[in-house]
Amino acid sequence: MAANMPSWDARSTNFVIERLKDERGAEVNGYVLEKLTRLASMNSENSPLMQTRFMEQNMEPEKFFELLTSAIYQRPENLENSLFNSLTGLIRNKNKIYIREIVTYNFDDLLERKLDEKDIYCESYDGPSPRKDENSVNIYHVHGKIKKTVEPDDDITTDNIVFSEE
């Protein structure tokens, strides 16, 4: 949230709204959007993870991935914040890397982009059997990873996206 990303509840609400807008095939006016937001947040008494998992089961994987990406990256992120600056300072001080492995439960690629900005080489893993590069900081996305920008050769799959409290 320090990077201007939505909370879990807000992300789930945004996801539900994106899904409804997509089904309508048209833009939603302010009044309807306000009602949808209120309805989705009232429904957030259920676990946001359960809501998203339910939505995933009821749509094509490509559409789910597209809408989830839109919900996560709906507003401009702020990589210049005290959290990321502190993290990069802990990871590398001058030219020495002190932290080589990071586990994150976030789907976003903000940390990777911040490390790239600071010229700190990193590798991301969101699946089994990572290959470790001794010259990099290894970042493990245990619930999966969704990049803001998809490259043409990226394999878009929801196989490694995990919505679970277990």
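Predicted model: local features only at pLDDT ≥ 70, side-chain atom pairs only at ≥ 80, totals over all residues.
Residues are numbered from 1 along each chain as its sequence is written, and side-chain values use heavy atoms, with hydrogens and water left out.

I placed serine 136 in the loop between S4 and S5, strands here being DSSP E runs of at least two residues and helices H or I runs of at least four, numbered from the N terminus. Serine 136 is buried, at a relative accessible area of 1% (buried means under 20%, with a 1.4 Å probe and protein chains only).

I then turned to the sheet, which is open, has 3 strands in the order S3-S5-S4 and shows parallel pairing (two strands pair if DSSP finds at least two bridges between them). Its edge strands are S3 (101–104) and S4 (122–125), each pairing on one side only. I read 4 bridges, in the parallel sense, between S4 and S5 (residues 137–141), and cysteine 122 stands opposite valine 137 in S5.

Lastly I checked helix H6 (residues 110–117), which lies across S3, S4 and S5 and runs at about 165 degrees to S5; axes are lines fitted to C-alpha atoms, for helices over the stretch in contact, and angles run from 0 to 180 degrees between N-to-C directions.

Conventions
Contact = heavy atoms within 4.5 Å. Buried < 20%, exposed > 50% of the residue type's maximum accessible area, 1.4 Å probe, protein only.
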